Amino acid sequence: MNNFLESLLIVIVIYNRSLEDCESFQSVLQMTEKGSDLNIYIYDNSKLPQKINFRQGISTVYYHDSNNSGVSRAYNQGAIHAKKSNKKWLLLLDQDTTLPSNLLKEYKSSIEKHSKIRLFVPILLLNNDRIFSPCLYKFKRGFHPKKIYSGVHSLYKLAPVNSGMLIHLDSFLNAGGYNNKVKLDFSDFQFIERFRKMHSEFYVLDIKCTQDFSNDEVSYSNQINRFKYYCNGANNIDKSNFLDFLQYGTIVLFRAIILTIKYGKSKFLSIFINYYLKIK
């Protein structure tokens with residue numbers, strides 16, 4: 001187990017939350033075993049730096065980005081640090097994922113059984129036990145499946161989200177990593193579209209994690225800013241043809257309509273025009 005942990009860098013992206021309040025970090029603490037070290041790279045997108053308490057048994061590198069450059073840049077920077085540190089595997093986490101204490105052991109066991117696979121993921125559930133990841137990937141968007149079975153799956157049929165992905169570092173880099181221009185929304189799907197050109201299969205572990213969105217801000221003003229990010233992500237994602245542009249446009253327009261109905265404000269439609277269609 002120690003050899004695997006030595007080859008692993010855990011990248012946690014945080015935003016406006018102390019590390020001590022992050023479910024993912026607290027989960028990682030539960031995985032720390034006596035006599036073994038974990039290597040963690042903390043990328044902080046908060047405007048102001050968070051206080052970090054360094055702990056015994058955890059080698060921690062902290063990087064503060066007051067510009068909030070997004071998760072794509074965070075994961076890419078983590079990969080660069082992992083390469084400099086001679087790591088072999090990269091575990092990507094956001095701040096809101098709760099992980100079981102045996103997750104790292106399950107990753108190690110799965111790698112040993114499926115040595116040719118370069119991407120391993122858990123089953124990610126929402127608080128209502130609905131499957132969040134991997135999702136069915138069609139028409140440039142994800143759909144929640146009713147069931148997911150552990151085993152080898154095609155990345156042309158299913159796509160995992162960012163948090164929980166264990167990726168072979170050289171494969172990550174050879175695929176081109178994340179698209180830095182896609183700061184949040186669509187970042188995972190953009191990466192999977194790059195990654196599957198080189199590795200079309202991935203492995204789903206028979207283990208469940210929980211994704212908690214209860215801390216997401218839902219006020220009208222915050223939704224306005226959030227939707228701008230959403231539009232920018234869809235606009236900046238790589239598109240191979242005009243059909244891609246139409247498909248992403250349909251997804252974003254549908255989101256704009258849903259938010260317009262929810263808040264009774266037409267601002268979301270104007271944001272769609274200005275930030276996705278780029279019509280001023």
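**Exercise 1. Is Phe139 buried or exposed, and where is Phe139 found?**

Step 1: Phe139 counts as exposed because its relative accessibility is 59%, where exposed means over 50% relative accessible area, buried under 20% and partly exposed in between, with a 1.4 Å probe and protein chains only.
Step 2: Look for Phe139 in the loop between S8 and strand S9 (141–143); strands (E, at least two residues) and helices (H or I, at least four) are DSSP runs, numbered from the N terminus.
Step 3: Although Phe139 is not a glycine, its phi is positive, at about 55 degrees.

Before you go on, note that this is a predicted model: local features need pLDDT of at least 70, side-chain atom pairs count only at pLDDT 80 or more, and totals for chains, interfaces and linings use all residues. Residues are numbered from 1 along each chain as its sequence is written, and side-chain values use heavy atoms, with hydrogens and water left out.

**Exercise 2. Describe Asn16 in the same way.**

Step 1: Find Asn16 in the loop between strand S1 (8–14) and helix H2 (23–31).
Step 2: Its phi is near 55 degrees, a positive value in a residue other than glycine.
Step 3: Asn16 counts as partly exposed because its relative accessibility is 45%.

**Exercise 3. Which peptide bond is cis between Ser133 and Pro134, and where does Pro134 lie?**

Step 1: The bond running from Ser133 to Pro134 is cis, and its omega is near -5 degrees.
Step 2: Pro134 lies in the loop that joins strand S7 (131–133) to strand S8 (135–138).

**Exercise 4. Explore the surroundings of Asn76.**

Step 1: Asn76 belongs to helix H3 (residues 71–84).
Step 2: With a relative accessible area of 12%, Asn76 is buried.
Step 3: Leaving out residues up to four places away in sequence, Asn76 touches Phe172, Gly177, Tyr178 and Asn180 (contact means heavy atoms within 4.5 Å).
Step 4: The Asn76 side chain reaches the backbone nitrogen of Tyr178 at 2.9 Å.

**Exercise 5. What lines the second largest pocket?**

Step 1: A pocket is an open set of points on a 1 Å grid over the protein atoms alone where a 1.4 Å probe fits, with protein on both sides within 12 Å along at least five of seven lines; lining residues have an atom within 4 Å of a point.
Step 2: The lining includes Lys140, Tyr156, Asp238 and Asp244.
Step 3: Helix H6 (residues 187–195) gives the largest share of this lining, three residues.
Step 4: By type, the lining has one nonpolar, two polar and eight charged residues.

Key: Nonpolar A, V, L, I, M, F, W, Y, C, P; charged D, E, K, R; others polar. Polar contact = N/O pair within 3.5 Å; in protein donor to acceptor, adjacent residues only side chain to side chain.
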